[in-house]
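Please look through the sequence and the structure shown below before turning to the numbered points. Each point takes up one part of the fold.

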Amino acid sequence: MTESPPIQRRDLLLSVLFAFLLIVICGSIGLVVLTDKDIERAFAFPAVALQVERAYPGQIDWDQMFNSARRAMFQDLDRYSDYVEPQVFRQMDQELTGGYTGIGVSVVRHEQGLLVMAVREDGPSARVGLLTGDVIIAVDSIPLAGMDGQRSTDLLRGREGTTVSISVLRPSGTDTLTISVTRQRIEYQHIPFAGMTHDSLIYVRLLDFDAGAAADLGRTVDSLMRAVPDAARGIILDLRGNPGGLFNEAYEAASLFLEPGQFIVGTDARSRWNREIHRSIGRDITNGLPMAVLVDRGSASASEIVAGALRQTGRAELVGDTTFGK
């Protein structure tokens with residue numbers, strides 16, 4: 001009886017080892033799949049849909065059902081989260097890059113209606129005395145409590161020149177105010193004013209972070225720096241009443257005043273693959289000028305990203321009131 005050549009025995013051992021490892025890996029994957037709650041929840045949803053289809057065969061509009069399910073899931077998160085239909089999202093995208101017809105406020109859902117986050121200082125609501133923190137509870141006598149955010153805000157929109165009557169609860173009082181506001185076209189003007197103060201400080205008022213805001217901010221600061229070379233003693237960025245806007249605009253705006261690689265904002269999650277960290281790009285266009293950022297309770301969202309980034313890197317001091325807290 002002849003012995004197997006050593007090379008054949010080695011191949012056999014490697015095959016057995018490979019098969020063993022394959023069994024262990026597959027078993028581990030199977031164990032993870034069977035015990036993963038996320039996968040269990042993912043299968044629960046179609047299982048419910050299958051039961052509904054069996055009970056109501058051919059009677060269900062599944063597009064409407066799934067949209068309703070999406071809205072319900074978002075409504076249980078927080079007042080800032082909402083499901084936006086694709087066609088509404090396209091409309092919002094157009095508004096963020098141009099303008100809209102309305103009463104000039106930024107709002108979020110509230111249990112009693114719509115909470116006013118910010119009042120545009122050059123808009124119709126500012127002229128009639130609407131304030132940040134007010135709660136709009138009715139529009140043209142239509143109660144907003146329990147109504148989804150998109151339907152509520154749609155009631156504030158309308159043709160330019162038309163008047164809308166809103167009922168407002170003000171935290172500082174107990175009475176309900178009735179205010180008439182004339183809708184107008186709100187064109188986006190990111191920077192209504194910028195200049196040099198009498199004591200050689202650059203002052204820039206930034207109203208929002210909609211499309212183009214960061215570029216406008218950069219051009220404005222650069223032009224003021226060039227107009228008075230070596231004369232500027234510091235810079236004041238006024239974000240009071242700025243309700244935010246696009247994330248990338250906030251990221252680019254913060255980068256204007258930071259050196260490369262500095263932390264701006266990040267997101268954390270249970271999975272390390274879902275964690276994101278955004279660091280500054282470019283260089284500080286002011287060459288390290290002392291900086292102050294003005295904020296108040298109307299400063300929200302993108303404004304808080306910028307203010308927080310500049311403060312936590314030690315680049316700027318924050319002056320004013322507690323921000324909105326979004």
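**Note on the predicted model**

1. The largest nonpolar core has 34 residues, and those with the most contacts inside it are Leu217, Leu237, Phe257, Val293 and Val306. A nonpolar core here is a set of buried Ala, Val, Leu, Ile, Met, Phe, Trp, Tyr and Cys residues joined through side-chain atoms within 4.5 Å. Buried means under 20% relative accessible area, exposed over 50%, and partly exposed in between, with a 1.4 Å probe and protein chains only. At least two residues of this core are supplied by each of strand E10 (201-205), helix H7 (213-227), strand E11 (234-238), helix H8 (247-255), strand E12 (263-267), strand E14 (291-295) and helix H9 (302-312). H7 gives the largest share, 6 residues. Helices (H or I, at least four residues) and strands (E, at least two) are DSSP runs, numbered from the N terminus.

2. On the basis of the note: this is a predicted model, in which local features need pLDDT of at least 70 and side-chain atom pairs count only at pLDDT 80 or more, while totals for chains, interfaces and linings use all residues. Residues are numbered from 1 along each chain as its sequence is written, and side-chain values use heavy atoms, with hydrogens and water left out.

3. Which residues does Val293 touch, not counting residues up to four places away in sequence? They are Leu237, Leu239, Ala307, Leu310, Ala316, Glu317, Leu318 and Val319; contact means heavy atoms within 4.5 Å. A second, separate core of 17 residues includes Ile103, Val116, Ile166 and Ile179. In soluble globular proteins, nonpolar side chains tend to be buried together.

4. For the chain as a whole, there are 9 helices and 15 strands. Buried residues make up 36% of its 326 residues. Of the contacts with a separation of 6 or more, 64% are between residues 24 or more positions apart.

5. An open sheet is formed by 5 strands in the order E9-E10-E11-E14-E15, with mixed pairing. Two strands pair if DSSP finds at least two bridges between them. Strand E9 (193-196) and strand E15 (317-320) stand at the edges with a single partner strand each, so one side of each is left without a neighbour in the sheet. Direction ignored, neighbouring strands of this sheet are turned by 15° against each other on average.

6. The two ends of the sheet may be taken in turn. E9 and E10 run antiparallel and are joined by 4 bridges; Met196 has Ile202 in E10 as its bridge partner. These two strands form a hairpin with 4 residues between them, and Ser200 in the turn has a positive phi of about 65°. E14 and E15 run parallel, also joined by 4 bridges, and Val295 stands opposite Gly320 in E15.

7. Helices pack on this sheet. H7 touches E9, E10 and E11, and its direction makes about 155° with that of E10. H9 touches E11, E14 and E15, and its direction makes about 145° with that of E14. Axes are lines fitted to C-alpha atoms, for helices over the stretch in contact, and angles run from 0 to 180 degrees between N-to-C directions.

8. The buried residues of H9 are Ala302, Ser303, Glu304, Val306, Ala307, Ala309 and Leu310. They pack against E11, H8, E12, E14 and E15. After H9 comes Gly314, whose phi is positive, near 80°.

9. How do the helices H7 and H8 meet? They pack at an angle of about 20°, with their axes 8 Å apart. H7 and H8 are therefore roughly parallel to each other, a term for angles under 35 degrees. The contact is made by Ala213, Ala214, Ala215 and Leu217 of H7 and by Glu249, Glu252 and Ala253 of H8.

10. Two loop residues deserve a look. Glu160 lies in the loop between helix H6 (149-156) and strand E6 (163-169) and is exposed, with a relative accessible area of 53%. Thr132 lies in the loop between helix H5 (124-127) and strand E4 (135-139); at 19% relative accessibility, Thr132 counts as buried. Leaving aside neighbours within four places in sequence, Thr132 is in contact with Val116, Met117, Ala118, Val119, Arg297 and Gly298.

Key. Angles under 35 degrees count as roughly parallel, over 145 as roughly antiparallel, 65 to 115 as roughly perpendicular and the rest as oblique.
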